[in-house]
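User: I have a chain here and a list of terms I keep hearing. Please take me through them, one term at a time.

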Amino acid sequence: MDRSTTVTDTPLKNRSLAALLAATWPGLGHLYQGRYRKGLLYLICIFGLYAVGFALGDGANVYWSWTNPLRDPEHFRLYYLGQFWVGLPAWPAVLQATLVHFGHQPLFNGFMAAPLLDPSMDENVRRVMEGVVRRAFSLHQKYGGLKEIGDIYTTIAGLLNVLAIYDAFEGPAHRDETTADEPDHESSGTKAEGATA
């Protein structure tokens with residue numbers, strides 16, 4: 001079967017580009033393919049879930065740090081492995097972590113930077129990061145468990161978008177209509193001959 005279409009003749013266009021667009025923003029790949037209803041559904045549900053989780057954490061629960069989980073499991077950000085797949089809304093965290101990792105000051109006053117301090121940090125970097133840590137600590141005191149719920153929502157949103165990326169690449173799921181709906185003429189013919197004999 002031609003993998004650029006399905007049995008329902010859904011045009012998938014450039015499937016790799018569609019998957020890339022879906023990975024960049026939930027629903028964008030399906031909108032590119034002209035699958036508007038599914039694209040809008042993913043956009044509203046996945047991005048909406050991420051936005052709610054992000055708001056519950058007041059924007060401080062999506063971050064990444066270049067930490068070796070074997071050497072420092074306490075500061076390894078496991079949630080971000082799921083959050084990353086939401087796409088562009090979560091990717092600034094990688095930029096901020098990379099800047100801090102190489103000793104540069106994070107952008108936008110540390111927005112989406114990991115609340116971690118390192119004695120080796122430059123004074124300017126340390127000043128910004130101290131503000132990030134204070135903010136994260138105050139949020140935990142202010143919202144308590146809501147921040148953890150936000151962590152879970154944003155992570156689930158990222159994992160759901162993995163399914164959307166796969167769907168943009170592979171196309172709609174369907175059953176094999178040839179084997180399910182059409183009678184097997186060859187075998188039925190054989191049975192009829194047997195009955196006649």
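User: What is the accessible surface of the chain, and how much of it belongs to carbon and sulfur atoms?

Analyst: First, a caution: this is a predicted model. Its accessible surface comes to about 12100 Å². Carbon and sulfur atoms hold 63% of that.

User: Which elements does the chain have, helices or strands?

Analyst: The chain has nine helices and zero strands. Read from the N terminus, the elements run α-α-α-α-α-α-α-α-α.

User: How much of the chain is made up of buried residues?

Analyst: Buried residues make up 34% of the 197 residues. The cut-off for that word is under 20% relative accessible area.

User: What makes Asp167 buried?

Analyst: Its relative accessible area is 10%. Buried means under 20%. Therefore Asp167 counts as buried.

User: Why is Lys38 called partly exposed?

Analyst: Lys38 has 29% relative accessibility. Partly exposed lies between the buried limit of 20% and the exposed limit of 50%. So Lys38 is partly exposed.

User: How do you know that Lys38 and Asp167 form a salt bridge?

Analyst: Their closest N and O atoms are 3.4 Å apart. A salt bridge needs a Lys or Arg side-chain nitrogen within 4 Å of an Asp or Glu carboxyl oxygen. The pair meets that cut-off, so it is a salt bridge. Lys38 lies in helix α3 and Asp167 in helix α7, so the pair ties together parts that are 129 residues apart in sequence.

User: What does Arg35 do with Asp167?

Analyst: Arg35 also forms a salt bridge with Asp167, with the closest N and O atoms 2.6 Å apart. Arg35 sits in the loop between α2 (28-32) and α3, and Asp167 in helix α7, so this pair ties together parts that are 132 residues apart in sequence. Both Arg35 and Asp167 are buried.

User: What makes Arg35, Lys38 and Asp167 one network?

Analyst: Salt bridges that share partners join them. Asp167 is the partner of Arg35 and of Lys38.

User: Which residues have the most contacts inside the largest nonpolar core?

Analyst: They are Tyr50, Val62, Trp64 and Tyr80, in a core of 14 residues. Helices α3 (36-56), α5 (92-101) and α7 (145-170) each supply at least two residues. α3 gives the most, with three. A second, separate core of six residues includes Ala18, Ala22, Ala23 and Ala168.

User: Why would nonpolar side chains be buried together?

Analyst: In soluble globular proteins, they tend to be.

User: What is Tyr80 in contact with?

Analyst: Leave aside its neighbours within four places in sequence. Then Tyr80 is in contact with Val62, Tyr63, Trp64, Ala90, Trp91, Ala93 and Val94. Contact here means heavy atoms within 4.5 Å.

User: How do you know that the buried residues of α5 line one face of the helix?

Analyst: Those residues are Ala93, Gln96, Ala97 and Leu99. Seen down the axis of α5, they fall within an arc of 160 degrees, so they line one face. They pack against α4 (80-83). After α5 comes Gly103, with a positive phi near 85 degrees.

User: Which residues make the nonpolar surface patch?

Analyst: Val52, Tyr79, Leu146, Ile149, Ile152, Tyr153, Ile156, Leu160 and Leu163 make a patch of about 730 Å². α7 gives the most, with seven residues.

User: Why is Asp118 called partly exposed?

Analyst: Asp118 has a relative accessible area of 35%. Asp118 lies in the loop between α5 and α6 (123-143).

Methods: Residues numbered from 1 in each chain as written. Predicted model: local features only at pLDDT ≥ 70, side-chain atom pairs only at ≥ 80, totals over all residues. Heavy atoms only, no water. Core = buried A, V, L, I, M, F, W, Y, C linked by side-chain atoms within 4.5 Å. Buried < 20%, exposed > 50% of the residue type's maximum accessible area, 1.4 Å probe, protein only. Helix = DSSP H or I, 4+ residues; strand = E, 2+ residues; numbered from the N terminus. Areas by Shrake-Rupley, 256 points an atom, 1.4 Å probe, with all protein chains shown as cover. Arc of directions from axis to C-beta. Patch = residues over 30% accessible without salt bridge, like charges linked within 9 Å, V, L, I, M, F, W, Y side chains within 5 Å.
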